[in-house]
Amino acid sequence: MPLISIIPNFHPKNDARLLERAEQLRPVLYRQIVQPEGGFILKERYSPDREEIRLQQLRELPFTKGQNLCLDFGTHIVGRVSLDFAFKGSHPDAPAFLKFKFAETLDELSENSAEYHGWISSGWIQEEYVHLDEIPTHLHLERRYAFRYLKITVLDTSPKYQLLVRHAECRTESSADWRRLEKRSYGDAELDRISETGLRTLANCMQEVYEDGPKRDRRLWTGDMRLQALVNASSFRNMDLTKRCLYLFAGSRFPDGRVAACVFTGKHTEADDTWLFDYALFFVDALEEYLSETGDDEALRDLYPIAREQLQYSLSLCGDDGLLKSESAADAFIDWTEGLDKAAAAQCVLIDSLGYGVRLAERCGDSVSAARWRSEQARLRKAAVKSFYRAEENKVISNGQFSVASQVWAVLADLVEGEQAVELMRSLADYDGPYGMMTPYAHHYYLMALLKCGLKAEALDHIRYYWGSMIRAGADTFFEAWDPKDPKASPYGGAIVNSCCHAWSCTPAYILYKYY
Ligand code: RAM
């Protein structure tokens, strides 16, 4: 179901002091020059059939109308591309007219953008049309791309000349400093590869903020940021980036103080007019997780009041029966699974966040809030058990619906505990019914629930099965949405707009490091 929120005359509440602090924390971007490692020619426009070419030959290879050249940069990168072109034959008497297509994966390379009719903007598809008026020429593309492959299609030259691609390079950008990373090995090639791929995914999303994906949406979402911050704390340790993102969320909010689901951070910082029930609460969790790593007093002082507001607001959406009202539960994200009933999971996110809130309040010496949230947590949990948990079947049912997300969040929020929780999580291992998980984001919380139950071997198997299958499908970085049984699945109505380097999928790098 599309997630589109448009609030007429929306004016976010900006706090100049907090935004100034975020500005001071703007990170340095590390850059590297990367050149293609190989090249090939796609035999047909949208087919994966290809003819390899040797890079040494490339400089002298003439291209003419209708031909294409695909450059392979060896792995997923994020940066700005420059190319040098020359010609063969008579002096060019007409511009060279080119189409550039940047693709994160081979599958994306052979997709036809004209066939995309989904609900998310096709503007995200990384394609450009370029005229070269003077040849030889040096072309620098100012736009930043996320890609491994660059396909250049020669739409036209003229009968008098052919085009030569003399040189191509990408100047990469990331705020992750690889030199800070200690070498890690799990003594197992597959796990090492999964960990490295997770770290590359995170690094390529670490720009001036934690972007959800450097291809799309290229912005800061709370749900993604929380997971990125966890992985970063266990790897690159750019703690100022986490702090900056927390300040950005705090610095531009809904007029009533709610933390927006995402923030635009271009020239001006501006909260998006999208609010998601669970995402606002992840601000609370992420703040507590950041403080437990840093003990940063300034951040605690500045941001605790905002975290408190989020919890108070969410509690105000619960009825006297201790249940979150249905319209508020529907405002939660949870996962892209079509038709998912979110009542149980959303309530559990709140129960879980109240625990983070209690720890924050204790850090601040706010014993009144700590006591209130402890008792609210118990009240909401009791109501949730009564309403959603079927003890005789050991299942959580949300408005008549069984879903993996409801079970996972029920375990994370201690609705189901001990042996029951273990049994419930074990029963999900082979689950293949409706309302399963659609994204690595949901699979992350599934892993956390397994680990909470002490099911370490099962969590490891799942990492190998799920994240391993992305690698087996050719991933250099982990994808936004992935179903091993349906590789073309997309929440947007077309895989061409899926992001194949998506921050919320990088967490095995953290889980392996922390638990194994
Ligand atoms: C998409 C992005 C982002 C996610 C939101 C809810 O637009 O994939 O990562 O957080 O949805």
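A salt bridge here is a side-chain nitrogen of Lys or Arg within 4 Å of a carboxyl oxygen of Asp or Glu. The views below come from a predicted model.

**View 1. D296 pairs with K243 in a salt bridge.** The closest N and O atoms of D296 and K243 are 2.9 Å apart, which means that the pair falls within the 4 Å cut-off. D296 sits in the loop between α7 and α8. K243 belongs to helix α6 (residues 239–251). Buried means under 20% relative accessible area. D296, at 14% relative accessibility, therefore counts as buried. K243 counts as buried too, because its relative accessibility is 5%. Shared partners extend the picture: salt bridges join R21, K243, D296 and E298 into one network.

**View 2. Helices α7 and α8 pack against each other.** Helix α7 covers residues 277–294, and helix α8 covers residues 297–316. Their axes lie 9 Å apart, at an angle of about 150°. Angles over 145 degrees count as roughly antiparallel, and α7 and α8 are therefore roughly antiparallel to each other. The crossing of α7 past α8 is left-handed. On the α7 side, the contact is made by F277, A280, L281, F283, V284, L287, Y290 and L291. On the α8 side, the contact residues are A299, L300, L303, Y304, I306, A307, Q310, L311 and S314. By class, this contact has 15 nonpolar residues, two polar ones and no charged ones.

**View 3. R216 and E480 meet through their side chains in a salt bridge.** The N to O distance is 2.9 Å. R216 is in the loop between α4 (189–205) and β11 (220–221). E480 is in the loop between α15 and α16. The pair therefore ties together parts that are 264 residues apart in sequence.

**View 4. D476 and R148 form a salt bridge between side chains.** Here the N to O distance is 3.2 Å. D476 lies in the loop between α15 (456–472) and α16 (508–515). R148 lies in strand β9 (residues 145–156). The partners are 328 residues apart, and the pair links distant parts of the chain. Both D476 and R148 are buried. How many salt bridges does the whole structure hold? A search finds 39.

Terms used: Residues are numbered from 1 along each chain as its sequence is written. This is a predicted model: local features need pLDDT of at least 70, side-chain atom pairs count only at pLDDT 80 or more; totals for chains, interfaces and linings use all residues. Side-chain values use heavy atoms; hydrogens and water are left out. Axes are lines fitted to C-alpha atoms, for helices over the stretch in contact, and angles run from 0 to 180 degrees between N-to-C directions. Helices (H or I, at least four residues) and strands (E, at least two) are DSSP runs, numbered from the N terminus. Angles under 35 degrees count as roughly parallel, over 145 as roughly antiparallel, 65 to 115 as roughly perpendicular and the rest as oblique. A crossing is left-handed if the near helix is turned anticlockwise from the far one by less than a right angle, and right-handed if clockwise. Contact means heavy atoms within 4.5 Å. Ala, Val, Leu, Ile, Met, Phe, Trp, Tyr, Cys and Pro count as nonpolar, Asp, Glu, Lys and Arg as charged, and the others, Gly among them, as polar. Buried means under 20% relative accessible area, exposed over 50%, partly exposed in between (1.4 Å probe, protein chains only).
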